[in-house]
Amino acid sequence: MTSRERIRAAVTHQEPDKLPIDFGSSFITGVHCSLVAALRQHYGLASEPVKVCEPYQMLGLVDDDLMDAMGIDVRPIFPQRTIFGFPNEGWKPWRTPWGQNVLVAERFEVDTDNRGEIWLYPEGDRAAPPSGHMPKTGYFFDTIERIDPDYDEDDLNLEDNLEEFGPMSDREAAYWTEQAELARGSDRAISTHLNGTCLGDIALVPAPFLKRPMGVRGVAEWYMTIADEPDFVKALFDRQTEIALQNMARLHEIAGDVIDVVVVCGTDFGTQNSLFCSVPSVRDIWLPRYQQINDWIHRHTNWLTFKHSCGAVEPLIDTFIDCGFDILNPVQCSADGMDPTELKRNYGDRITFWGGGVNTQQTLPFGTAEQVRAEVLSRCEVFAPGGGFVFNAIHNVQALTPLANMVAMIDAVKEFNGEK
């Protein structure tokens, strides 16, 4: 099988010739830029600065030569703009606080204060208040809540929370046309993030890509709005969905036959041991809108739809399936109720698990290489039979993860596939 055939077989619950692997095809299945550099060195690849494809989490671009070395089956087409609102183009050098020389986009603009704290500007505009902050000892940026001083929770304006949504621009369409041509004919499956379909994604609520966002932009305020003003949230999601459907139609005209997997939503519903919202609330507020999006995709395209939610979301998996999602990520097996064997038994023939391959909170960063190998082999043995599994860690691989453990993880998958 080609990588593309392998991914499509796995997601449609056919057992592929070998277990497919993803690292770096999205902003939720990626690798910190420091680990990308270390992996390049380990595999004897050309020594060159890593491109930071998403500065929010300081994720590094996994180039084709590293994909080949790791056996990766998916390659990305990233959105035209980063989460901080500037395009990934015109690369320039930047030295990180931990001493790594990387490449960042030309409109990546930061200031460092006298304490060593780093402040990043939305759209690269220094006239706007910073929207990202990296502590002196940090390895990624936190978004900064910038609440409009005129915000009034008792006088909500729908348009204030729709300012970032609109028709696809000609510039974005030109970007997609170019990227589709570059990806056309690839043996690897192609994955991308859809624009505007992440309904209520808490990472996007503060709008770090806007210079001066209006509306409900605080995390606490957002959750209170869901509880207190569900009709407002539903009206907001209806308008967002309407705009997103129009943009998906244009994207399909431009690149529909190139794309295999679309990340529809990164909205987290789970904590380590519970849910942010009740099952009835999710079914009332989110399910009808997700159904609209996924139904359109499945009627008009060959795209496979990808739902990300961290945490203890087992009570919501039937709801995700009812929404029409093909894929669930990151499969946080360390959270309550997320036992791998039970997940595979109860849902493995109805949704694909993309992730869950190793615990990125404990085993991968703090275990031994042998513990990593054992856990990876165990997860593969549970999830792989009958298809419905794409190997990935549980969310992005973080800075300070030992290189030996990262290599042990990849080697264990190759061992499972009979390649070592």
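Me: Is D152 buried, partly exposed or exposed, and what is its relative accessible area?

Reply: Buried means under 20% relative accessible area, exposed over 50%, and partly exposed in between (1.4 Å probe, protein chains only). D152 is partly exposed, with a relative accessible area of 36%. The model is predicted: local features need pLDDT of at least 70, side-chain atom pairs count only at pLDDT 80 or more, and totals for chains, interfaces and linings use all residues. Residues are numbered from 1 along each chain as its sequence is written, and side-chain values use heavy atoms, with hydrogens and water left out.

Me: Where in the chain is D152 found, and which residues form the negative surface patch?

Reply: Helices (H or I, at least four residues) and strands (E, at least two) are DSSP runs, numbered from the N terminus. D152 is found in the loop between β9 (142-143) and α4 (170-183). A patch is made of residues with over 30% relative accessible area and no salt bridge, where like charges are joined within 9 Å; a salt bridge is a side-chain nitrogen of Lys or Arg within 4 Å of a carboxyl oxygen of Asp or Glu. Here D152, E153, D154, D155, D228 and E229 form a negative patch.

Me: What is the order of the open sheet of four strands?

Reply: Two strands pair if DSSP finds at least two bridges between them. The order is β2-β1-β5-β4, with mixed pairing. The edge strands, β2 (59-60) and β4 (92-95), each pair on one side only.

Me: In which sense does β5 pair with β1 and with β4?

Reply: Strands β1 (residues 50-54) and β5 (residues 101-104) are parallel, over two bridges. V50 stands opposite V102, and K51 has L103 as its bridge partner. By contrast, β4 and β5 are antiparallel, over four bridges, with K92 and V104 as bridge partners. These two strands form a hairpin with five residues between them, and G99 in the turn has a positive phi of about 90°.

Me: Which strands stand at the edges of the open sheet of seven strands?

Reply: The order is β3-β10-β11-β12-β13-β14-β15, with parallel pairing. β3 and β15 (389-390) stand at the edges with a single partner strand each, so one side of each has no neighbour in the sheet. The partner of β3 is β10 (residues 189-193), over four parallel bridges, and I77 stands opposite T192.

Me: Which way do the residues of β3 point?

Reply: In β3 (residues 74-77), V74 and P76 point one way and R75 and I77 the other way; all are buried.

Terms used: Patch = residues over 30% accessible without salt bridge, like charges linked within 9 Å, V, L, I, M, F, W, Y side chains within 5 Å. Areas by Shrake-Rupley, 256 points an atom, 1.4 Å probe, with all protein chains shown as cover. Lys, Arg positive; Asp, Glu negative; His and termini not counted. Charge placed at Lys NZ, Arg CZ, Asp CG, Glu CD.
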